[in-house]
Number of protein chains: 2
Amino acid sequence: MAKGKFDSVSDPVSPLPRYLEIQRDLQARIASGQWVPGSRVPAEHELQAQYHCSRMTVNKALSALAKAGLIIRRRRSGSFVAMPRSQETILNIQDIKAEILAKGKVYRFEILTRQERAMTTDDALQLRVTPGGRVLALSVRHFANEHPFVVEDRLMNLAIVPAAREEPFLVSPPGTWLLDVVPWTNAEHVIQAELADQRIATLLGIPKKSACLAIERRTWQGDATITWVRLTYPGDRHQLTSHFRPGGPLIP
Amino acid sequence: MAKGKFDSVSDPVSPLPRYLEIQRDLQARIASGQWVPGSRVPAEHELQAQYHCSRMTVNKALSALAKAGLIIRRRRSGSFVAMPRSQETILNIQDIKAEILAKGKVYRFEILTRQERAMTTDDALQLRVTPGGRVLALSVRHFANEHPFVVEDRLMNLAIVPAAREEPFLVSPPGTWLLDVVPWTNAEHVIQAELADQRIATLLGIPKKSACLAIERRTWQGDATITWVRLTYPGDRHQLTSHFRPGGPLIP
DNA sequence: CTGATTAATTTGTCTATACATAATAGTCAA
DNA sequence: TTGACTATTATGTATAGACAAATTAATCAG
């Protein structure tokens, strides 16, 4: 009897979809340790009977759990609770403007230097491309509540982003502008600790040789590097924070 | 006619499931810029006609794209290509043992100090719990190819992990042991740059006041803090790297 | 006992249909 | 013109059934 969704609903109000109910229920059993890693999850037809729903609904819940890495599924064998995963985390490296505004602080930036030039060997190395073409080199200082927040050194590949040549960066800083204008397909981050040199110390208003957090980012569009950027934060004032729960993106 | 899956297959071999084919096709159109952000994605019944399949199959593809954040779906309005997202990244902070072994280096660790004690005020602060109960405080030094790699300072909440009291940590270091034994539901990371004090400098074999990368992690099981750990790496030798593509977990 | 074949089981994918839900567009009366 | 009601449309959820694919279990010939 292929009727509506409320065939088997005793509860008059159902705020949560059936498949999510099942998903969370199973997740709770795994998280609580009731189902230990390696143990077998009931087969779809068993759960179908338990939850009194169709196999597709159970399948949707189980597939989501599998995608989240909480269970491993194999044909004929069945589904099993996944082994504890290595400690991974999802880090949110936000756009600087958004980051400062999110903290409820006043945002401002200034372009320190701006130079359009033929790509040097160093530029090519940092962009990881074969030399040739032109780049736009920028230095930017970002302020939060008028306090120096981070220094940005950026190279933009004008072969990919020719529009940058004409852009004065009056409203949005280069990073935010790029995000709005150019679609990117790939990014790489490198996070490092290092000592402030004279320039950084002056720009950030911190003592020379104090600890800094440096984040380098390369952004690609297909095979072509769009931009390389290095963000230098005062180490004692800035920190990257992230929260994570296993099977994280499960509960939206 | 509810027949098999090959009702409408002209291609004799179909290595990829239909819904993935559709998903990737749509994703390619978005990535290539053919469909610009904000533009409308054809409705399910249109795609159903285009790809000559059922609406459920199209729905599966579109739902996945929506979950990955590539499109936004609204009832009655339709589906739209999402606006460029803020630069987020997924960072892999691995288990130390796994991290070193992954680099093909020889792993070794030594317990520097070990103390079981009643929870001090500082301990409670760092574990973010109300004082009371006992903790196990550990200092560990990890080596990669016999070179000091990282110093670990850890507090373990014995109320949650009583088994740690009896554990000698001969085979696995505390972090790896915990991952194997205790299920966790939540974690928080804080990444900071700071200067090496005398102790860290000595333990890591680096000059005092050189830059260090400090990663602090709190791990919870429900509301209870399991452990707090601080990992101090030499800043010039260690770096966190991560790759990311928008709509990342799409292509498994 | 071994190796190949066959059966059974479980997940993976797909279809066709049905009704729910949300939001827009249109209609009509005050 | 405004506000309430109604129709329309697109997505969201759910069902029952079907066949595919993979892998384990059982069977049987040698």
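Predicted model: local features only at pLDDT ≥ 70, side-chain atom pairs only at ≥ 80, totals over all residues.
- Leu65(A) is buried, with a relative accessible area of 1%.
- Val81(A) is 16 residues away from Leu65(A) along the chain, and the C-alpha atoms of these two residues are separated by 9.6 Å.

**Around DNA strand D**

- DNA strand D is surrounded by 30 residues, and the closest are Arg18(A), Thr57(A) and Arg76(A) from chain A with Arg73(B) and Arg75(B) from chain B.
- Of the atoms of DNA strand D that come within 4 Å of the protein, 72% are accounted for by sugar and phosphate.
- By class, the residues of this surface near DNA strand D are 13 charged, 9 nonpolar and 8 polar.
- In chain A, helix 1 (18–31) and helix 3 (55–67) each supply at least two residues of the surface near DNA strand D.
- In chain B, at least two residues each come from helix 2 (44–51), helix 3 (55–67), strand 2 (71–74) and strand 3 (78–81).
- Tyr19(A) has a backbone N or O atom 3.3 Å from a phosphate oxygen of DNA strand D.
- Bases of DNA strand D are also contacted: an N or O atom in the side chain of Arg76(A) is 3.1 Å from a base oxygen, and an N or O atom in the side chain of Arg55(B) is 2.8 Å from a base oxygen.

**Around DNA strand C**

- There are 30 residues around DNA strand C, and those that come nearest are Arg73(A), Arg75(A), Arg76(A), Arg18(B) and Thr57(B).
- Sugar or phosphate makes up 71% of the atoms of DNA strand C within 4 Å of the protein, and bases make up the rest.
- The surface near DNA strand C has 13 charged, 10 nonpolar and 7 polar residues.
- Arg75(A) has a side-chain N or O atom 2.7 Å from a sugar or linking oxygen of DNA strand C.
- Arg76(A) brings a backbone N or O atom to 3.0 Å from a base oxygen of DNA strand C.
- From chain B, an N or O atom in the side chain of Ser54(B) is 3.0 Å from a phosphate oxygen of DNA strand C.
- Two or more residues of this surface come from each of helix 2 (44–51), helix 3, strand 2 (71–74) and strand 3 (78–81) of chain A, and likewise from helix 1 (18–31) and helix 3 of chain B.
- Helix 3 of chain B gives the most to the surface near DNA strand C, with 4 residues.

**Strand 10 of chain A and its partners**

- Strand 10 (residues 224–234) of chain A is largely enclosed by the rest of the structure, because 10 of its 11 residues are buried.
- Strand 9 (residues 211–221) of chain A runs antiparallel to strand 10 of chain A, and 10 bridges join the two.
- Across that pairing, Arg217(A) is opposite Val229(A) of strand 10.
- Strand 7 (residues 147–157) of chain A also pairs with strand 10 of chain A in the antiparallel sense, over 6 bridges.
- Here Met156(A) stands opposite Thr227(A) of strand 10.

**A three-stranded sheet in chain B**

- Chain B has an open sheet of 3 strands in the order 1-3-2, with antiparallel pairing.
- Its edge strands, each pairing on one side only, are strand 1 (40–41) and strand 2 of chain B.
- Strand 1 and strand 3 of chain B pair over 2 bridges in the antiparallel sense.
- Val41(B) has Ser79(B), in strand 3 of chain B, as its bridge partner.

**Aromatic pairs and charges over rings**

- Over all chains, the structure holds 6 aromatic pairs.
- Tyr107(B) and Phe109(B) form a stacked pair, because their planes are at 25°, with the ring centres 6.1 Å apart.
- Both members of this pair, Tyr107(B) and Phe109(B), are buried.
- Phe169(B) and Trp177(B) have ring centres 5.3 Å apart and planes at 90°, so this pair is edge-to-face.
- Phe169(B) and Trp177(B) are buried as well.
- Arg108(A) lies over the face of Phe143(A), 4.1 Å from the ring centre.
- In chain B, Lys60(B) lies over the face of Tyr19(B), 4.3 Å from the ring centre.

Conventions:
Residues numbered from 1 in each chain as written. Chains lettered and ligands numbered in written order. Heavy atoms only, no water. Buried < 20%, exposed > 50% of the residue type's maximum accessible area, 1.4 Å probe, protein only. Pairing = 2+ DSSP bridges. Near = heavy atom within 4 Å. Polar contact = N/O pair within 3.5 Å; in protein donor to acceptor, adjacent residues only side chain to side chain. Nonpolar A, V, L, I, M, F, W, Y, C, P; charged D, E, K, R; others polar. Phe/Tyr/Trp six-rings, centres within 6.5 Å; stacked < 30°, edge-to-face > 60°. Lys NZ or Arg CZ within 6 Å of the ring centre and 35° of its normal.
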